[in-house]
Amino acid sequence: MKYLLALDQGTTSSRALVIDETGKVVAVAQKEFTQIFPQPGWVEHDPNEIWASQIGVAADALGRAGISAKDVAAIGITNQRETAVVWDRKTGDPIHNAIVWQDRRTAPICDKMKADGLESMVTQKSGLVIDAYFSGTKVQWLLDNVPGARDRANRGELAFGTIDSWLIWKLTDGKVHVTDESNASRTMLLNIYNQSWDDELLKALNVPRSMLPEVKSSSEVYGESTGILAGVPIAGIAGDQQSALFGQMCTKPGMAKNTYGTGSFMLMNTGTEGVPSKNKLLTTIAWRRAGHGKTEYALEGSVFITGAVVQWLRDGLKIIHAAPQVEDLAATVPDNGGVYLVPAFVGLGAPHWDPYARGAIVGLTRGATLAHIARAALEGIAYQVADILQAMTADSGVKLAELRVDGGAAKNNLLMQFQADILGIPVVRPNETETTALGSAYLASLAVGYFKSLEELASHWGIDRTFEPKMSADQRQKLQSEWSKALGRAKGWVQ
Ligand code: ADP
(Lines give C-alpha, C1' and ligand atoms only; values in the text may rest on other atoms or scores of the structure.)
Protein backbone atom coordinates (compact mmCIF):
# COMPACT_ATOMS: atom_id res chain seq x y z
CA MET A 1 0.00 0.00 0.00
CA LYS A 2 1.21 3.51 -0.83
CA TYR A 3 0.58 6.73 1.07
CA LEU A 4 0.41 10.48 0.51
CA LEU A 5 2.62 12.89 2.44
CA ALA A 6 1.30 16.39 3.21
CA LEU A 7 3.81 19.04 4.25
CA ASP A 8 1.85 21.73 6.13
CA GLN A 9 4.19 24.66 6.71
CA GLY A 10 2.26 27.00 9.05
CA THR A 11 3.01 30.30 10.73
CA THR A 12 4.02 28.86 14.09
CA SER A 13 4.84 25.24 13.29
CA SER A 14 5.83 22.86 10.53
CA ARG A 15 3.71 19.73 10.31
CA ALA A 16 3.80 16.57 8.22
CA LEU A 17 0.92 14.15 7.79
CA VAL A 18 0.77 10.69 6.27
CA ILE A 19 -2.55 9.87 4.58
CA ASP A 20 -3.74 6.47 3.42
CA GLU A 21 -5.87 5.34 0.51
CA THR A 22 -9.10 5.84 2.45
CA GLY A 23 -8.21 9.51 2.98
CA LYS A 24 -7.46 8.87 6.66
CA VAL A 25 -4.59 10.59 8.49
CA VAL A 26 -2.42 7.77 9.88
CA ALA A 27 0.53 9.75 11.30
CA VAL A 28 1.27 13.36 12.23
CA ALA A 29 4.48 15.06 13.33
CA GLN A 30 4.79 18.70 14.30
CA LYS A 31 7.55 21.09 15.33
CA GLU A 32 7.33 24.72 16.36
CA PHE A 33 10.00 27.12 15.17
CA THR A 34 11.28 30.52 16.25
CA GLN A 35 9.18 33.66 15.82
CA ILE A 36 11.51 36.63 15.39
CA PHE A 37 10.25 40.11 16.37
CA PRO A 38 13.05 42.59 15.56
CA GLN A 39 10.84 45.67 16.19
CA PRO A 40 7.19 46.33 17.05
CA GLY A 41 5.09 45.32 14.06
CA TRP A 42 7.89 43.31 12.43
CA VAL A 43 7.71 39.49 12.19
CA GLU A 44 10.42 37.29 10.65
CA HIS A 45 11.21 33.59 10.25
CA ASP A 46 14.57 31.99 9.51
CA PRO A 47 14.07 30.17 6.16
CA ASN A 48 16.73 27.61 7.07
CA GLU A 49 14.94 26.81 10.33
CA ILE A 50 11.67 26.47 8.42
CA TRP A 51 13.34 24.02 6.06
CA ALA A 52 15.07 22.06 8.84
CA SER A 53 11.86 21.76 10.87
CA GLN A 54 9.81 20.79 7.82
CA ILE A 55 12.14 18.04 6.60
CA GLY A 56 12.57 16.89 10.21
CA VAL A 57 8.84 16.40 10.77
CA ALA A 58 8.54 14.68 7.37
CA ALA A 59 11.07 12.09 8.55
CA ASP A 60 9.28 11.78 11.93
CA ALA A 61 5.87 11.29 10.30
CA LEU A 62 7.20 8.54 8.01
CA GLY A 63 8.80 6.91 11.07
CA ARG A 64 5.54 7.03 13.02
CA ALA A 65 3.67 5.49 10.10
CA GLY A 66 6.37 2.84 9.84
CA ILE A 67 7.05 3.60 6.18
CA SER A 68 9.86 5.04 4.05
CA ALA A 69 10.10 7.30 1.00
CA LYS A 70 9.50 4.42 -1.41
CA ASP A 71 6.02 3.98 0.14
CA VAL A 72 5.03 7.55 -0.63
CA ALA A 73 3.11 8.10 -3.88
CA ALA A 74 3.30 11.89 -3.83
CA ILE A 75 4.02 14.96 -1.72
CA GLY A 76 1.54 17.82 -1.38
CA ILE A 77 2.64 21.17 0.04
CA THR A 78 0.45 23.69 1.82
CA ASN A 79 1.87 26.77 3.45
CA GLN A 80 1.45 30.00 5.35
CA ARG A 81 0.70 32.43 2.55
CA GLU A 82 2.31 35.78 1.53
CA THR A 83 5.51 35.23 3.59
CA ALA A 84 8.44 36.26 1.35
CA VAL A 85 11.90 34.66 1.02
CA VAL A 86 14.72 35.93 -1.21
CA TRP A 87 17.76 33.73 -1.75
CA ASP A 88 20.93 33.46 -3.85
CA ARG A 89 20.41 31.17 -6.84
CA LYS A 90 24.02 29.87 -6.74
CA THR A 91 24.52 29.21 -3.04
CA GLY A 92 20.87 28.71 -2.04
CA ASP A 93 21.47 31.01 0.94
CA PRO A 94 18.66 33.38 1.96
CA ILE A 95 19.82 37.01 1.83
CA HIS A 96 17.72 37.85 4.91
CA ASN A 97 15.11 36.30 7.17
CA ALA A 98 11.71 35.70 5.60
CA ILE A 99 9.29 38.59 6.11
CA VAL A 100 6.11 37.06 7.50
CA TRP A 101 2.57 37.85 6.31
CA GLN A 102 1.79 39.54 9.66
CA ASP A 103 4.68 42.01 9.28
CA ARG A 104 3.59 45.67 8.97
CA ARG A 105 6.95 47.27 8.04
CA THR A 106 5.89 47.98 4.47
CA ALA A 107 2.78 49.98 5.41
CA PRO A 108 4.52 53.23 4.31
CA ILE A 109 5.25 51.69 0.88
CA CYS A 110 1.54 50.88 0.63
CA ASP A 111 0.54 54.41 1.68
CA LYS A 112 2.74 55.80 -1.07
CA MET A 113 1.27 53.45 -3.66
CA LYS A 114 -2.21 54.61 -2.67
CA ALA A 115 -1.15 58.27 -2.78
CA ASP A 116 0.23 57.60 -6.28
CA GLY A 117 -3.27 56.50 -7.30
CA LEU A 118 -2.39 52.85 -7.94
CA GLU A 119 -5.23 51.31 -5.95
CA SER A 120 -7.74 50.66 -8.71
CA MET A 121 -5.10 49.22 -11.10
CA VAL A 122 -3.77 46.91 -8.38
CA THR A 123 -7.23 45.71 -7.37
CA GLN A 124 -8.38 45.25 -10.96
CA LYS A 125 -5.41 43.04 -11.82
CA SER A 126 -4.49 41.28 -8.58
CA GLY A 127 -7.92 41.05 -6.93
CA LEU A 128 -6.29 42.35 -3.72
CA VAL A 129 -6.36 45.62 -1.81
CA ILE A 130 -3.04 47.46 -1.39
CA ASP A 131 -1.81 46.23 1.99
CA ALA A 132 1.44 45.25 3.71
CA TYR A 133 -0.08 41.77 4.18
CA PHE A 134 0.82 40.68 0.63
CA SER A 135 4.31 39.65 -0.57
CA GLY A 136 5.07 42.28 -3.21
CA THR A 137 6.05 45.15 -0.92
CA LYS A 138 8.04 42.75 1.27
CA VAL A 139 10.24 41.81 -1.71
CA GLN A 140 10.68 45.49 -2.55
CA TRP A 141 11.73 46.18 1.05
CA LEU A 142 14.33 43.37 0.96
CA LEU A 143 15.79 44.62 -2.33
CA ASP A 144 16.04 48.18 -1.01
CA ASN A 145 17.31 47.39 2.49
CA VAL A 146 19.71 44.46 2.19
CA PRO A 147 23.03 45.95 1.00
CA GLY A 148 23.74 45.10 -2.62
CA ALA A 149 20.51 43.14 -3.09
CA ARG A 150 19.00 45.25 -5.85
CA ASP A 151 22.16 45.05 -7.97
CA ARG A 152 22.34 41.30 -7.45
CA ALA A 153 18.67 40.97 -8.39
CA ASN A 154 19.21 43.04 -11.52
CA ARG A 155 22.06 40.72 -12.48
CA GLY A 156 19.66 37.76 -12.12
CA GLU A 157 21.50 36.30 -9.11
CA LEU A 158 18.54 36.26 -6.68
CA ALA A 159 15.37 34.22 -6.47
CA PHE A 160 12.11 35.16 -4.73
CA GLY A 161 9.53 32.74 -3.48
CA THR A 162 6.71 32.24 -1.03
CA ILE A 163 7.23 29.32 1.36
CA ASP A 164 6.00 26.72 -1.15
CA SER A 165 8.70 27.83 -3.64
CA TRP A 166 11.37 27.81 -0.97
CA LEU A 167 10.49 24.29 0.20
CA ILE A 168 10.44 22.92 -3.35
CA TRP A 169 13.79 24.57 -4.12
CA LYS A 170 15.23 22.84 -1.05
CA LEU A 171 13.48 19.51 -1.72
CA THR A 172 14.84 19.43 -5.28
CA ASP A 173 18.29 20.67 -4.30
CA GLY A 174 17.89 23.90 -6.25
CA LYS A 175 16.67 22.34 -9.48
CA VAL A 176 13.07 23.57 -9.43
CA HIS A 177 11.89 27.15 -8.89
CA VAL A 178 8.09 27.17 -9.11
CA THR A 179 4.98 28.31 -7.29
CA ASP A 180 1.31 27.53 -7.84
CA GLU A 181 -1.43 29.92 -8.91
CA SER A 182 -3.02 30.08 -5.44
CA ASN A 183 0.19 31.28 -3.80
CA ALA A 184 1.09 33.54 -6.72
CA SER A 185 -2.29 35.24 -6.37
CA ARG A 186 -1.24 36.53 -2.92
CA THR A 187 1.88 38.38 -4.07
CA MET A 188 0.22 41.44 -5.65
CA LEU A 189 2.48 40.74 -8.66
CA LEU A 190 0.15 38.38 -10.54
CA ASN A 191 -2.64 39.27 -12.90
CA ILE A 192 -5.13 36.72 -11.56
CA TYR A 193 -7.23 36.85 -14.72
CA ASN A 194 -4.46 35.61 -17.06
CA GLN A 195 -2.40 33.92 -14.30
CA SER A 196 0.80 35.70 -15.40
CA TRP A 197 3.29 37.96 -13.66
CA ASP A 198 2.22 41.43 -14.72
CA ASP A 199 4.64 44.08 -16.02
CA GLU A 200 2.61 47.00 -14.69
CA LEU A 201 2.42 45.44 -11.20
CA LEU A 202 6.12 44.52 -11.28
CA LYS A 203 6.94 48.11 -12.20
CA ALA A 204 4.67 49.55 -9.49
CA LEU A 205 6.41 47.35 -6.90
CA ASN A 206 9.87 47.65 -8.48
CA VAL A 207 10.48 43.89 -8.52
CA PRO A 208 12.58 42.42 -11.38
CA ARG A 209 10.91 39.62 -13.32
CA SER A 210 14.12 37.55 -13.26
CA MET A 211 13.61 36.74 -9.56
CA LEU A 212 10.20 35.18 -9.93
CA PRO A 213 9.29 31.49 -9.85
CA GLU A 214 7.48 29.88 -12.74
CA VAL A 215 3.72 29.84 -12.10
CA LYS A 216 2.29 26.32 -12.30
CA SER A 217 -1.06 24.69 -11.63
CA SER A 218 -1.85 23.42 -8.11
CA SER A 219 -1.87 19.77 -9.14
CA GLU A 220 0.91 18.43 -11.36
CA VAL A 221 4.34 16.86 -10.93
CA TYR A 222 6.76 19.77 -10.39
CA GLY A 223 9.81 17.62 -9.82
CA GLU A 224 11.23 14.79 -7.76
CA SER A 225 12.44 15.16 -4.24
CA THR A 226 16.05 14.43 -3.28
CA GLY A 227 17.53 13.57 0.13
CA ILE A 228 15.46 11.54 2.60
CA LEU A 229 12.40 11.79 0.33
CA ALA A 230 14.46 10.83 -2.75
CA GLY A 231 12.44 9.92 -5.80
CA VAL A 232 9.04 11.02 -4.48
CA PRO A 233 7.16 13.28 -6.90
CA ILE A 234 6.14 16.69 -5.53
CA ALA A 235 2.71 16.96 -7.10
CA GLY A 236 0.43 19.41 -5.26
CA ILE A 237 0.71 22.97 -3.91
CA ALA A 238 -1.88 25.29 -2.40
CA GLY A 239 -1.83 28.17 0.05
CA ASP A 240 -3.26 27.10 3.41
CA GLN A 241 -6.74 28.61 3.08
CA GLN A 242 -7.22 27.44 -0.50
CA SER A 243 -5.97 24.02 0.53
CA ALA A 244 -8.58 23.91 3.31
CA LEU A 245 -11.26 24.88 0.76
CA PHE A 246 -10.17 21.91 -1.37
CA GLY A 247 -9.83 19.62 1.66
CA GLN A 248 -13.43 20.50 2.55
CA MET A 249 -14.36 19.47 -0.99
CA CYS A 250 -15.81 22.90 -1.76
CA THR A 251 -15.10 22.21 -5.42
CA LYS A 252 -18.27 23.64 -6.96
CA PRO A 253 -19.28 27.29 -7.33
CA GLY A 254 -21.21 28.56 -4.31
CA MET A 255 -19.62 26.16 -1.80
CA ALA A 256 -17.86 27.78 1.15
CA LYS A 257 -15.84 26.97 4.23
CA ASN A 258 -14.92 28.90 7.32
CA THR A 259 -11.94 28.10 9.53
CA TYR A 260 -12.32 29.15 13.20
CA GLY A 261 -8.76 29.56 14.52
CA THR A 262 -7.17 32.58 16.16
CA GLY A 263 -8.98 34.54 13.48
CA SER A 264 -11.21 33.24 10.73
CA PHE A 265 -10.87 32.80 7.01
CA MET A 266 -13.95 32.29 4.91
CA LEU A 267 -13.57 31.30 1.27
CA MET A 268 -16.32 30.74 -1.27
CA ASN A 269 -15.67 28.95 -4.53
CA THR A 270 -16.91 31.13 -7.40
CA GLY A 271 -16.00 28.71 -10.20
CA THR A 272 -14.01 29.68 -13.27
CA GLU A 273 -14.97 33.36 -12.99
CA GLY A 274 -13.05 35.65 -10.66
CA VAL A 275 -15.66 37.86 -9.03
CA PRO A 276 -14.47 41.42 -8.32
CA SER A 277 -15.76 42.46 -4.89
CA LYS A 278 -17.91 45.53 -4.29
CA ASN A 279 -17.94 44.74 -0.58
CA LYS A 280 -14.25 44.86 0.34
CA LEU A 281 -13.54 41.15 0.04
CA LEU A 282 -10.53 39.74 -1.81
CA THR A 283 -10.74 37.99 -5.14
CA THR A 284 -8.25 35.18 -5.19
CA ILE A 285 -7.27 32.10 -7.16
CA ALA A 286 -8.53 28.92 -5.49
CA TRP A 287 -6.49 26.48 -7.59
CA ARG A 288 -5.97 25.12 -11.07
CA ARG A 289 -5.94 21.39 -11.61
CA ALA A 290 -3.62 20.49 -14.49
CA GLY A 291 -5.44 18.64 -17.21
CA HIS A 292 -8.72 20.25 -16.14
CA GLY A 293 -7.90 23.46 -17.92
CA LYS A 294 -9.33 26.40 -16.16
CA THR A 295 -8.32 28.31 -13.10
CA GLU A 296 -10.95 28.35 -10.36
CA TYR A 297 -11.47 31.37 -8.13
CA ALA A 298 -12.70 32.22 -4.66
CA LEU A 299 -13.92 35.20 -2.72
CA GLU A 300 -12.16 35.56 0.60
CA GLY A 301 -12.90 37.44 3.79
CA SER A 302 -10.92 37.39 7.00
CA VAL A 303 -11.88 38.21 10.56
CA PHE A 304 -8.89 39.06 12.79
CA ILE A 305 -10.22 37.85 16.15
CA THR A 306 -12.51 34.85 16.55
CA GLY A 307 -11.02 31.97 18.60
CA ALA A 308 -8.68 34.55 20.16
CA VAL A 309 -11.59 36.12 22.03
CA VAL A 310 -11.86 32.83 23.92
CA GLN A 311 -8.15 33.03 24.72
CA TRP A 312 -8.85 36.50 26.08
CA LEU A 313 -11.63 35.16 28.36
CA ARG A 314 -9.10 32.60 29.57
CA ASP A 315 -5.90 34.67 29.88
CA GLY A 316 -7.16 38.26 30.13
CA LEU A 317 -10.38 38.00 32.15
CA LYS A 318 -9.49 34.59 33.63
CA ILE A 319 -13.15 33.53 33.74
CA ILE A 320 -12.29 30.10 32.30
CA HIS A 321 -9.21 27.86 32.62
CA ALA A 322 -9.37 26.19 29.24
CA ALA A 323 -11.02 27.13 25.94
CA PRO A 324 -13.66 24.33 25.91
CA GLN A 325 -15.08 25.58 29.27
CA VAL A 326 -16.51 28.61 27.52
CA GLU A 327 -19.26 26.42 26.11
CA ASP A 328 -20.37 25.17 29.56
CA LEU A 329 -20.32 28.69 30.98
CA ALA A 330 -22.29 30.16 28.07
CA ALA A 331 -24.81 27.33 28.28
CA THR A 332 -25.78 28.31 31.84
CA VAL A 333 -27.83 31.21 30.42
CA PRO A 334 -30.60 30.79 27.82
CA ASP A 335 -29.55 33.84 25.76
CA ASN A 336 -27.20 36.82 25.73
CA GLY A 337 -29.42 38.88 28.06
CA GLY A 338 -28.97 41.84 25.69
CA VAL A 339 -25.16 41.78 26.00
CA TYR A 340 -22.98 42.09 22.87
CA LEU A 341 -19.20 41.70 22.68
CA VAL A 342 -17.44 43.15 19.64
CA PRO A 343 -13.91 41.68 19.70
CA ALA A 344 -12.32 44.47 17.65
CA PHE A 345 -9.11 44.17 19.70
CA VAL A 346 -6.93 44.94 16.67
CA GLY A 347 -9.49 46.81 14.59
CA LEU A 348 -11.96 45.16 12.25
CA GLY A 349 -11.16 43.21 9.08
CA ALA A 350 -13.50 42.36 6.22
CA PRO A 351 -15.98 43.69 5.35
CA HIS A 352 -15.58 46.70 7.70
CA TRP A 353 -11.81 47.39 7.42
CA ASP A 354 -11.68 49.75 10.36
CA PRO A 355 -8.19 49.84 11.92
CA TYR A 356 -9.47 52.37 14.49
CA ALA A 357 -12.21 50.13 15.92
CA ARG A 358 -11.58 48.66 19.37
CA GLY A 359 -13.30 46.00 21.47
CA ALA A 360 -16.57 46.80 23.20
CA ILE A 361 -19.03 45.09 25.53
CA VAL A 362 -22.39 46.84 25.35
CA GLY A 363 -25.91 46.28 26.61
CA LEU A 364 -24.81 45.62 30.18
CA THR A 365 -27.47 45.77 32.92
CA ARG A 366 -27.36 44.78 36.58
CA GLY A 367 -28.59 41.36 35.54
CA ALA A 368 -25.55 40.70 33.35
CA THR A 369 -23.20 37.94 34.50
CA LEU A 370 -19.96 36.39 33.35
CA ALA A 371 -22.05 33.75 31.62
CA HIS A 372 -23.71 36.45 29.49
CA ILE A 373 -20.28 37.80 28.59
CA ALA A 374 -19.07 34.30 27.64
CA ARG A 375 -22.15 33.86 25.51
CA ALA A 376 -21.75 37.29 23.94
CA ALA A 377 -18.12 36.40 23.11
CA LEU A 378 -19.16 33.25 21.23
CA GLU A 379 -22.01 35.04 19.51
CA GLY A 380 -19.64 37.85 18.49
CA ILE A 381 -17.61 35.25 16.57
CA ALA A 382 -20.71 34.10 14.71
CA TYR A 383 -21.94 37.63 13.88
CA GLN A 384 -18.57 38.54 12.35
CA VAL A 385 -18.65 35.43 10.16
CA ALA A 386 -22.24 36.25 9.17
CA ASP A 387 -21.19 39.78 8.14
CA ILE A 388 -18.65 38.28 5.74
CA LEU A 389 -21.10 35.81 4.34
CA GLN A 390 -23.55 38.61 3.69
CA ALA A 391 -20.87 40.48 1.71
CA MET A 392 -20.07 37.29 -0.25
CA THR A 393 -23.71 36.75 -1.10
CA ALA A 394 -23.98 40.35 -2.26
CA ASP A 395 -20.83 40.02 -4.44
CA SER A 396 -21.53 36.62 -5.93
CA GLY A 397 -25.33 36.59 -6.08
CA VAL A 398 -25.11 33.04 -4.72
CA LYS A 399 -27.28 31.99 -1.79
CA LEU A 400 -25.16 29.53 0.14
CA ALA A 401 -26.69 26.09 0.78
CA GLU A 402 -24.51 25.25 3.78
CA LEU A 403 -21.30 26.39 5.48
CA ARG A 404 -18.54 23.84 6.07
CA VAL A 405 -16.43 24.51 9.14
CA ASP A 406 -13.07 23.56 10.64
CA GLY A 407 -10.42 24.93 13.03
CA GLY A 408 -10.10 24.79 16.84
CA ALA A 409 -13.24 26.74 17.76
CA ALA A 410 -15.42 24.71 15.37
CA LYS A 411 -15.43 22.07 18.12
CA ASN A 412 -17.74 24.34 20.11
CA ASN A 413 -21.28 23.02 19.60
CA LEU A 414 -23.03 26.04 21.10
CA LEU A 415 -21.11 28.33 18.77
CA MET A 416 -21.84 26.16 15.73
CA GLN A 417 -25.57 26.02 16.57
CA PHE A 418 -25.70 29.79 16.99
CA GLN A 419 -23.79 30.17 13.72
CA ALA A 420 -26.42 28.09 11.92
CA ASP A 421 -29.21 30.07 13.61
CA ILE A 422 -27.79 33.45 12.67
CA LEU A 423 -26.93 32.43 9.09
CA GLY A 424 -30.23 30.63 8.57
CA ILE A 425 -28.43 27.76 6.81
CA PRO A 426 -26.95 24.45 8.02
CA VAL A 427 -23.43 24.46 9.40
CA VAL A 428 -21.58 21.24 8.62
CA ARG A 429 -18.59 19.92 10.55
CA PRO A 430 -16.64 17.12 8.84
CA ASN A 431 -15.23 14.19 10.79
CA GLU A 432 -11.72 14.78 9.44
CA THR A 433 -10.70 18.27 10.57
CA GLU A 434 -7.16 18.20 9.08
CA THR A 435 -8.62 19.87 6.03
CA THR A 436 -5.63 22.09 5.23
CA ALA A 437 -3.20 19.19 4.95
CA LEU A 438 -5.75 16.99 3.20
CA GLY A 439 -6.33 19.59 0.49
CA SER A 440 -2.71 19.65 -0.68
CA ALA A 441 -2.40 15.86 -0.43
CA TYR A 442 -5.58 15.49 -2.46
CA LEU A 443 -4.30 17.91 -5.13
CA ALA A 444 -1.09 15.85 -5.31
CA SER A 445 -3.04 12.59 -5.42
CA LEU A 446 -4.96 13.64 -8.53
CA ALA A 447 -1.72 14.51 -10.36
CA VAL A 448 -0.23 11.04 -9.88
CA GLY A 449 -3.48 9.08 -10.20
CA TYR A 450 -3.46 7.89 -6.56
CA PHE A 451 -7.03 9.13 -6.32
CA LYS A 452 -8.67 9.43 -9.69
CA SER A 453 -11.42 12.02 -9.50
CA LEU A 454 -13.16 14.66 -7.44
CA GLU A 455 -15.99 12.19 -6.95
CA GLU A 456 -13.62 9.67 -5.42
CA LEU A 457 -12.17 12.35 -3.13
CA ALA A 458 -15.63 13.54 -2.13
CA SER A 459 -16.50 9.99 -1.07
CA HIS A 460 -13.79 10.29 1.62
CA TRP A 461 -15.28 13.48 3.03
CA GLY A 462 -17.74 12.60 5.80
CA ILE A 463 -19.90 14.55 8.22
CA ASP A 464 -19.35 14.58 11.96
CA ARG A 465 -22.37 16.77 12.69
CA THR A 466 -24.80 19.08 10.91
CA PHE A 467 -26.22 22.03 12.84
CA GLU A 468 -29.65 22.97 11.45
CA PRO A 469 -30.90 26.55 11.90
CA LYS A 470 -33.71 26.69 14.48
CA MET A 471 -34.16 30.41 15.09
CA SER A 472 -37.14 32.30 13.69
CA ALA A 473 -36.45 34.91 11.02
CA ASP A 474 -37.83 37.65 13.31
CA GLN A 475 -35.50 36.74 16.14
CA ARG A 476 -32.54 36.57 13.75
CA GLN A 477 -33.33 40.01 12.40
CA LYS A 478 -33.67 41.50 15.87
CA LEU A 479 -30.33 40.06 17.00
CA GLN A 480 -28.57 41.14 13.85
CA SER A 481 -29.81 44.69 14.10
CA GLU A 482 -28.65 44.87 17.73
CA TRP A 483 -25.25 43.48 16.65
CA SER A 484 -25.03 46.24 14.03
CA LYS A 485 -25.69 48.83 16.73
CA ALA A 486 -22.96 47.29 18.89
CA LEU A 487 -20.55 47.39 15.92
CA GLY A 488 -21.32 51.07 15.51
CA ARG A 489 -20.21 51.70 19.12
CA ALA A 490 -16.88 49.92 18.50
CA LYS A 491 -16.01 51.52 15.15
CA GLY A 492 -13.69 54.52 14.90
CA TRP A 493 -12.82 54.40 18.61
CA VAL A 494 -9.13 55.41 18.44
CA GLN A 495 -7.55 57.94 16.12
P1 ADP B 1 -4.68 28.55 14.93
O2 ADP B 1 -4.42 27.62 13.79
O3 ADP B 1 -5.06 29.95 14.53
O4 ADP B 1 -3.62 28.53 16.00
P5 ADP B 1 -6.61 26.56 15.92
O6 ADP B 1 -7.39 26.09 14.74
O7 ADP B 1 -5.61 25.67 16.55
O8 ADP B 1 -6.01 28.01 15.64
O9 ADP B 1 -7.69 26.98 17.03
C10 ADP B 1 -7.30 27.56 18.24
C11 ADP B 1 -8.29 28.66 18.64
O12 ADP B 1 -9.56 28.07 18.89
C13 ADP B 1 -7.86 29.37 19.90
O14 ADP B 1 -8.02 30.76 19.70
C15 ADP B 1 -8.84 28.87 20.97
O16 ADP B 1 -9.16 29.90 21.89
C17 ADP B 1 -10.05 28.47 20.18
N18 ADP B 1 -10.75 27.31 20.75
C19 ADP B 1 -10.26 26.08 20.97
N20 ADP B 1 -11.20 25.26 21.50
C21 ADP B 1 -12.32 26.01 21.61
C22 ADP B 1 -13.66 25.76 22.07
N23 ADP B 1 -14.03 24.56 22.51
N24 ADP B 1 -14.54 26.79 22.03
C25 ADP B 1 -14.18 28.00 21.57
N26 ADP B 1 -12.95 28.29 21.11
C27 ADP B 1 -12.04 27.32 21.13
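Colleague: In which loop is K280 found?
Modeller: This is a predicted model, where local features need pLDDT of at least 70, side-chain atom pairs count only at pLDDT 80 or more, and totals for chains, interfaces and linings use all residues. Residues are numbered from 1 along each chain as its sequence is written, and side-chain values use heavy atoms, with hydrogens and water left out. Helices (H or I, at least four residues) and strands (E, at least two) are DSSP runs, numbered from the N terminus. K280 sits in the loop between β16 (264–271) and β17 (282–288).

Colleague: Is K280 buried, partly exposed or exposed?
Modeller: K280 is not a glycine, yet has a positive phi of about 65°. Buried means under 20% relative accessible area, exposed over 50%, and partly exposed in between (1.4 Å probe, protein chains only). The relative accessible area of K280 is 47%, so K280 is partly exposed.

Colleague: And E82, buried or exposed?
Modeller: E82 also has a positive phi, about 70°, although it is not a glycine. E82 lies in the loop between β5 (72–79) and β6 (85–88). Its relative accessibility is 2%, so E82 counts as buried.

Colleague: Which backbone oxygen does the side chain of H177 reach?
Modeller: H177 is in the loop between α6 (163–171) and β9 (178–180). A polar contact is a pair of N or O atoms within 3.5 Å; within protein, one must be able to donate a hydrogen and the other to accept it, and residues adjacent in sequence count only if both atoms are side-chain atoms. At 2.8 Å, the H177 side chain reaches the backbone oxygen of F160.

Colleague: Which helix gives the largest share of the shell around the ligand?
Modeller: There are 13 residues around the ligand, and T262, G307, Q311, G408 and N412 come nearest. Near means that one heavy atom of the residue lies within 4 Å. A backbone N or O atom of G307 lies 2.9 Å from a ligand oxygen. The largest share, four residues, comes from residues 307–315, helix α10.

Colleague: How far is the side chain of N412 from a nitrogen atom of the ligand?
Modeller: For Q311, a side-chain N or O atom is 3.3 Å from an oxygen atom of the ligand. For N412, the distance from a side-chain N or O atom to a ligand nitrogen atom is 3.0 Å.

Colleague: Which peptide bond is cis?
Modeller: P351 lies in the loop between β19 and β20. With omega near -5°, the cis bond runs from A350 to P351.
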